[in-house]
Amino acid sequence: MRHSSLLSCLLALTTLPALAQDVSVTIAPVRDKFARSDEVLVRVTLLNTSATPQFLLKWHTPAGGVAAPLFEVLREGQPVRYLGIKVKRAAPGPDDYLRLEPGASLSSTVELSALYEMNVTGPYQLRYRTASSGLFAGAGMRPMPGTLASSQVGIWIDGRLPRGARPPAKQAATGGGLEFSKCSNAQQEQLAAAVDAGKAMTVDAHNYLAAGAGGNQYGARYANWFGVFDAGRAAIVSSNYTAIRDAFENKPLKIDCGCNEDYFAYVYPAQPYAIYVCKAFWTAPLTGTDSRGGTLLHELSHFDVVAATDDHVYGQQGAAELARMDPARAVRNADSHEYFGENSPPQQ
């Protein structure tokens with residue numbers, strides 16, 4: 001009998017309904033229509049509609065950032081792919097809950113196009129929807145099941161891809177394709193322009209080297225960044241630019257926008273062709289010294305299968321000094337390749 005009673009209790013517990021939704025959630029897009037270069041921003045508001053404090057599991061709210069598929073996003077009525085992270089966590093404890101006082105609200109602005117595949121033109125339907133067996137905390141901070149769901153809202157996006165296209169996209173900027181990770185629609189637009197700029201710099205540098213090959217016809221542009229002419233070193237530079245150009249034109253580039261460090265960008269040399277762009281990248285000019293286009297050229301040169309360059313020195317002054325004092329290292333220095341490609345100020 002005791003076994004039967006215990007089983008009945010367990011069955012009753014498993015069929016308990018989710019905790020009544022004493023917290024409402026609403027979403028409001030900042031506009032109804034978004035251009036291809038716009039951030040897709042929505043305002044999420046949580047409101048405690050009860051007379052008692054409510055405790056919500058933080059990672060099921062946008063407070064502190066979104067690290068789970070908290071939204072239901074449809075395009076033309078069909079689900080779109082979630083691009084964000086999914087995290088393995090320990091079971092929630094008291095510190096993992098957010099306290100919301102009676103009548104209090106919490107609002108957060110969320111950029112959706114870096115989290116969901118929203119680069120295709122068309123109508124989108126958005127809804128905040130999340131559920132968990134520990135979404136709320138009850139007496140004694142005991143996890144309780146619950147659901148948060150908003151009404152559905154509609155927006156229109158003029159995306160980088162035409163209506164009806166099937167992502168992921170293979171952009172025209174590079175023959176091998178261009179893929180993004182954690183990049184908003186606005187960032188994707190800027191990155192496509194940066195890839196085109198970096199490619200143009202590389203083509204120009206490659207053509208310069210080809211025009212002077214075999215006749216010691218290189219001028220100040222070459223000498224300033226790679227030192228006095230030497231046939232062996234010049235062959236290395238030429239080979240490097242051939243490989244960098246091939247990477248821009250024929251390899252599958254993947255650019256990740258998730259870095260929050262202060263530097264420009266980084267790569268793992270043994271993992272082509274993924275480039276991680278950071279804070280300084282977004283404040284850089286498109287072309288010119290230390291530009292976005294030049295940064296991509298710099299990072300591509302690092303890959304072992306491209307040019308395997310190192311970072312012996314940074315900055316124009318250091319790179320110019322390296323060319324004068326140690327040209328053998330200059331032809332292996334990434335910034336030297338970047339400045340030669342950027343050619344700012346122009347030299348012949």
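**View 1. E1 and strand E3 (residues 41-48) are joined by 7 bridges in the antiparallel sense.** This is a predicted model, in which local features need pLDDT of at least 70 and side-chain atom pairs count only at pLDDT 80 or more, while totals for chains, interfaces and linings use all residues. Residues are numbered from 1 along each chain as its sequence is written, and side-chain values use heavy atoms, with hydrogens and water left out. Strands (E, at least two residues) and helices (H or I, at least four residues) are DSSP runs numbered from the N terminus; two strands pair if DSSP finds at least two bridges between them. Within this pairing, valine 23 has asparagine 48 of E3 as its bridge partner.

**View 2. An open sheet of 3 strands runs in the order E1-E3-E8.** Its pairing is antiparallel. Strand E1 (23-29) and strand E8 (105-111) are the edge strands, each with a single partner strand, so one side of each has no neighbour in the sheet. From one strand to the next the twist averages 20 degrees, where axes are lines fitted to C-alpha atoms (for helices over the stretch in contact) and angles run from 0 to 180 degrees between N-to-C directions.

**View 3. Serine 184 lies in the loop between strand E12 (178-181) and helix H2 (185-212).** The residue is buried, at a relative accessible area of 2%; buried means under 20%, exposed over 50%, and partly exposed in between (1.4 Å probe, protein chains only). The side chains of serine 184 and glutamate 39 make a polar contact of 2.9 Å. Such a contact is a pair of N or O atoms within 3.5 Å; within protein, one must be able to donate a hydrogen and the other to accept it, and residues adjacent in sequence count only if both atoms are side-chain atoms. Leaving aside residues up to four places away in sequence, serine 184 touches Glu39, Glu111, Ser113 and Ala114, contact meaning heavy atoms within 4.5 Å.

**View 4. Cysteine 183 and cysteine 257 form a disulfide.** The structure holds 2 disulfides, each defined as a pair of cysteine sulfur atoms within 2.5 Å. Here the sulfur atoms are 2.0 Å apart, and the link is right-handed, with 90 degrees about the S-S bond. The pair links distant parts of the chain, 74 residues apart: cysteine 183 in the loop between E12 and H2, and cysteine 257 in the loop between strand E13 (253-256) and strand E14 (265-266). Both cysteine 183 and cysteine 257 are buried.

**View 5. Cysteine 259 is joined to cysteine 278 by a disulfide.** The S to S distance is 2.1 Å; with 100 degrees about the S-S bond, this link is right-handed. Cysteine 259 and cysteine 278 are both buried. With bonded cysteines counted along the chain, the disulfides follow the pattern 1-2, 3-4.

**View 6. Helix H6 (residues 292-302) is largely enclosed by the rest of the structure, because 11 of its 11 residues are buried.** Among them are Arg292, Glu299 and His302. Serine 291 caps the N-terminal end of H6, with a side-chain oxygen 2.9 Å from the backbone nitrogen of glycine 294.
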